[in-house]
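Please open the model in your viewer and keep the selection panel at hand. The tour goes from the whole chain to single segments.

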Amino acid sequence: MSAPILQVRELVMRFGGLTAVNQVSFEAAQGDITAVIGPNGAGKTTVFNLITGFYTPSAGEILLNGRDGQRALHNTPGHRIAQAGVARTFQNIRLFPGMTVLENLLVAQHNRLQAATGFGIAAVLGLGRYRAAEREAVERAKHWLEATRLMDRADDAAGSLPYGAQRRLEIARAMCTDPVLLCLDEPAAGLNPRESEELAELIRLIRGRGCSILLIEHDMGVVMRISDHIVVLDHGKKIADGTPAQIRADEKVIAAYLGEGDEDEAPAPAEGAA
Amino acid sequence: MAYALQQLINGVALGMIYGLIAVGYTMVYGIIGMINFAHGDIFMIGAFISLISFVLISMGGWGTGPGAILLVLLVSMAVTALYGWSVERVAYRPLRGSFRLAPLISAIGMSIVLQNYVQVAQGARVKPIESLVTGSVELWHGNGFAVSISTMQAMIVIVTLVILAVFTWLVTRTSLGRAMRACEQDRKMAGLLGIDTDRTISITFVIGASLAAVAGTMYLLRYGVIDFYIGFLAGVKAFTAAVLGGIGSLPGAVLGGLLIGLIETFWSAYFSVQYKDVATFAILAITLVFMPTGLLGRAEVEKV
């Protein structure tokens with residue numbers, strides 16, 4: 001068993017007097033789909049924001065075991081985190097709405113293009129090396145357009161796509177940065193059952209490519225079906241950590257979702273749990 | 001008719017200069033949402049660098065032909081770009097993430113610094129230069145009035161069009177341009193995709209400053225005199241052009257520049273020269289009443 005792709009150690013995030021994340025530690029294994037669940041306000045998105053460099057943690061460590069050894073993410077600026085191999089999507093979609101679908105995917109490959117072409121010098125001079133790199137970038141974009149069934153919308157403005165397609169495009173864009181860890185923040189939110197089934201397929205496909213996945217999701221159907229490992233947060237603290245079967249049977253988890261109760265069923269989607 | 005045609009030519013040549021400066025305003029506004037009030041003075045710096053290079057080149061005995069002009073243009077673009085880069089690095093970047101007015105005040109400060117620096121370093125007197133580009137082509141002769149386009153005007157129009165074409169290609173077709181547009185739409189997200197947003201912003205200032213340098217060189221060649229204060233009015237007018245065209249829109253900046261140039265020229269030709277600036281700004285105000293986002297601007301979309 002190789003080292004875990006992500007190690008979170010005693011992570012703390014305070015906003016003024018509010019402790020949104022309190023001493024949270026967990027690991028995400030290489031090649032696994034790790035889900036982070038919990039009622040609304042449990043601190044899931046804050047954990048994501050800490051991992052992807054939106055916030056700097058008040059205390060604790062986040063370590064990524066990426067392609068070039070171990071990297072501490074908690075003191076790395078945003079664009080270097082992407083370069084280290086972490087990509088993410090958002091609960092509220094953040095595409096570049098004024099650019100085309102294809103351009104959205106090419107932007108994500110800016111770094112590789114720049115590095116391949118002497119940081120734009122070759123691009124300005126229109127050298128062959130740039131053309132080759134650009135062609136390669138378009139090929140990669142096409143690959144993900146096919147995987148997300150967006151090929152026929154490639155030249156449309158991203159903002160004009162229907163909601164479900166925008167969700168898929170956001171995942172495709174994240175994959176174009178060639179990540180080792182993909183963080184998905186509620187990817188199934190607002191999708192109909194058929195669409196979330198397709199999403200689960202897409203996530204499995206991505207995992208099959210050797211990319212580890214960290215997932216925040218309220219749709220328990222999706223979570224239980226595809227996760228290898230689940231971390232449960234409540235009020236900023238980790239209350240459980242284990243396989244889907246273990247989590248389903250965990251008393252504390254059931255209590256957190258449903259209040260003190262004696263339900264044997266898997267916790268229902270937590271829409272009303274705010 | 002012939003008179004009007006002549007004014008059209010004059011107006012377009014003037015408008016191109018405004019357009020080149022306006023692009024710098026609109027780019028910076030697009031990417032970091034601030035008005036770079038020092039941009040007019042960057043244009044002035046460009047004109048001075050050109051003047052100094054002309055003097056040096058003619059002293060070096062390399063003549064004053066088209067080759068020399070091209071060399072001067074390139075030198076001016078490079079050195080002015082360095083100024084643009086430094087201004088951003090020193091005065092704006094440390095204030096990023098601060099409240100919105102802070103970089104604005106800092107920009108006004110940089111404008112004063114640049115003006116006073118040139119005033120002290122180069123003297124306050126008006127600096128003349130002999131006309132290097134002379135001659136004109138008579139296009140049409142009607143009603144005893146000859147319509148002509150001077151070589152200078154033709155040069156301004158051609159150089160500007162070439163520069164703008166290269167620039168448009170850069171923004172729409174290259175990876176760098178995509179990164180710039182991405183930063184414009186969602187800077188934080190661009191960072192998450194691995195784009196170095198600070199560097200992209202620096203590049204924006206460098207490009208804006210080198211376009212202003214082209215405008216400065218053209219201004220110097222066209223009018224033959226410059227002083228440390230030319231950046232102020234030219235800056236305000238180019239800014240007006242950017243707003244008129246729709247701030248944030250690149251074609252809008254060029255269109256706005258052309259309109260301002262034409263309004264000024266036609267007003268001076270048919271009404272009174274003294275009131276040309278009044279007329280220009282009155283038209284701006286009226287346009288904004290009816291089209292608050294400018295001619296080609298799009299309404300700000302609320303981000304959810």
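Two residues are in contact if their C-beta atoms, placed from the backbone, lie within 7 Å. With that in mind, select chain B, where residues 24 or more positions apart account for 75% of the contacts with a separation of 6 or more. This is a predicted model, in which local features need pLDDT of at least 70 and side-chain atom pairs count only at pLDDT 80 or more, while totals for chains, interfaces and linings use all residues. Residues are numbered from 1 along each chain as its sequence is written, and chains are lettered from A and ligands numbered from 1 in the order in which they are written.

Colour chain B by secondary structure next: it has eleven helices and four strands, counted as DSSP runs (helices H or I, at least four residues; strands E, at least two) that are numbered from the N terminus. Along the principal axes, the C-alpha atoms of chain B fill a box of roughly 65 × 50 × 35 Å.

Now select residues 42–62 of chain B, one of the spans where UniProt, in an unreviewed entry, places a "transmembrane region"; such annotations may be inferred rather than shown by experiment, feature names are shortened, and positions are given in the numbering used here. This span is 86% helix and 0% strand, with its end C-alpha atoms 27 Å apart. Residues 145–171 of chain B, also among the annotated spans, are 78% helix and 22% strand, and their end C-alpha atoms lie 43 Å apart.

Finish on helix H3 of chain B, residues 66–92. What covers its buried residues includes helix H2 (39–59), helix H4 (101–122) and helix H8 (197–223) of chain B, where buried means that 20 or more other C-beta atoms, placed from the backbone, lie within 10 Å of a residue's own.

Key. The expected span of a helix is 1.5 Å times one less than its number of residues.
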